[in-house]
Amino acid sequence: MTKVRDSFHSRIGFVLAAAGSAIGLGNIWGFPTQAANNGGGAFLFVYLLVTVLLALPALYAEIYLGNQAQKNPVSALGDACSNFSEGLGRKAGIIGLSGAIMMLSFYTIVAGWMLAHALSAITEIIGMTETSQWLSTSSTERNIIFTPIFILLGAAIIHQGVNAGIERWSARLMPVLLIMLIGLIVYILQQPGAEKGLEVYLIPDFTQVTDPKLIVSAMGQAFFSLSIGVGGMMVYGSYMQKNKDMGKLVLSITALDTGIAFLAGLLIIPALFVAQEAGLEVFSNNQLIGEGQLIFHILPELFNSMGTIGLVVATGFFLLLSIAALTSTISSTEVPVAYMVEDKGLSRQKATWIVSAIVLCSSGLLIAFFDVLFGAFIRVLTTIMQPLSCLFYFIVVGWLWKRGNKLRDQSLQEGRKWLPIWGNYLRYVCPILLSVVFINVAILN
Ligand code: PHE
């Protein structure tokens, strides 16, 4: 008897889970930091452009590949390339899977910091000043405690399966995240100095938009933010019934992800100027003083200056980041778990623990050799592996697909005149555009 594959039970469940994967530290920390460092409005403008022209089509291609195959990313890519070389497709799937493990190795460390900072604010409220101090100061011991806690939280959800775990928890956590974010924005915008921040963020300086460094940063940010190129979106796509209306779903996911990044900018950039107004040093030469400082020093100092209410705001803010990180962690974890369950015949429970153990070891390695490995992992993943995987998806969907370009010859086409145009866009324009930016990355590095 063939086992029925676990799946999402509704379209909205799928959208929330995929948006949960997309919305994470990349949106709430990465995007505002990059925007603040790259001229505010100019970055926002280029980011939106790159998202529409390149990241959205890549997300479509990734989800589409998984959805057609109804299999984990390794088998899905193997199937998709079977008329050319199944082995090549499977290898690309394994590379994506390693990307997911790489992502988890640094992401769970940073997510651990968020949890520690949330607890730091709570312990401060109840008067445990020393503990609070320890929790807010970075140290190897803190990493050794909080990274495994975060990995375990993710494992506990994955363990429960696609519908009972991923879908249910995404549907619970995502609205909480949105409410917290809006609450924080309303609060910050009422503080003195916020207006100047709004101006910098919303009015682009068009002399900056052609800067190649800015374009490359925006692309890396957009790919990371939409979780493209490590198989997480592919595996979620495979848990959705084969669907003719995928375009709408992909649009909704992109809109949610971009909307939250935009809102996070609306919170953090004004907050920086509020901090500046309060006498804190935030920028030097138009650059933020230390990227990490943005949320771990500047914002906490700002929260501190607000008295007790500031501690409540701080708790909310860091819990928000922890929740966002959790729903992103589970999508990456699901990639190797689905592969082990479907291709290696392991039980979901066993696969979850094995993957968690692997992630624990690799993040342990990063903690031990933090200065050398941490930044390098992030750079390799976002500037090399993710764009290359996307290029591969475009080539598979546009060129290698077994029966020619499925987007053109499938039943999908009925009554949809724009599909051939979309097919050609994926086939010709996207790979060229991506290669141009990619070559720029190579030159800039
Ligand atoms: N998109 C997530 C974020 O913005 C990160 C992520 C990358 C999640 C790759 C899954 C896969 O934080």
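What follows is a chat about some labels and the values behind them.

Modeller: Ground rules: this is a predicted model, where local features need pLDDT of at least 70, side-chain atom pairs count only at pLDDT 80 or more, and totals for chains, interfaces and linings use all residues. Residues are numbered from 1 along each chain as its sequence is written, and side-chain values use heavy atoms, with hydrogens and water left out.

Biologist: Okay! Why is Ser 21 called buried?

Modeller: Buried means under 20% relative accessible area, exposed means over 50%, and partly exposed is in between (1.4 Å probe, protein chains only). Ser 21 has 2%, so it counts as buried. Ser 21 sits in helix α1, residues 11-22; helices here are DSSP runs (H or I, at least four residues), numbered from the N terminus.

Biologist: What does Ser 21 touch?

Modeller: Contact means heavy atoms within 4.5 Å. Not counting residues up to four places away in sequence, Ser 21 touches Ser 227, Met 233, Tyr 236, Thr 327, Ser 328 and Ser 331.

Biologist: Ser 227 is on that list. What makes Ser 227 stand out in its phi?

Modeller: Ser 227 has a positive phi of about 55° although it is not a glycine. Most residues other than glycine have a negative phi. Ser 227 is in the loop between α10 (212-225) and α11 (232-238). With 11% relative accessible area, Ser 227 is buried.

Biologist: How do you know whether Ile 63 is buried or exposed?

Modeller: Its relative accessibility is 0%, so Ile 63 counts as buried. Ile 63 belongs to helix α3, residues 41-69. Leaving aside neighbours within four places in sequence, its contacts include Phe 14, Met 233 and Met 240.

Biologist: Which residues touch the most other members of the largest nonpolar core?

Modeller: Phe 14, Tyr 236, Ile 295 and Phe 317 do, out of 157 residues in that core. A nonpolar core is a set of buried Ala, Val, Leu, Ile, Met, Phe, Trp, Tyr and Cys residues joined through side-chain atoms within 4.5 Å. Among the contacts of Phe 317 are Leu 184, Ile 295 and Phe 303, with residues up to four places away in sequence not counted.

Biologist: Which element gives the most to the lining of the second largest pocket?

Modeller: That's α13, with seven residues. The whole lining has 28 residues, and among those nearest the pocket's centre are His 117, Phe 296 and His 297. A pocket is an open set of points on a 1 Å grid over the protein atoms alone, where a 1.4 Å probe fits, with protein on both sides within 12 Å along at least five of seven lines; lining residues have an atom within 4 Å of a point.

Conventions:
Helices (H or I, at least four residues) and strands (E, at least two) are DSSP runs, numbered from the N terminus.
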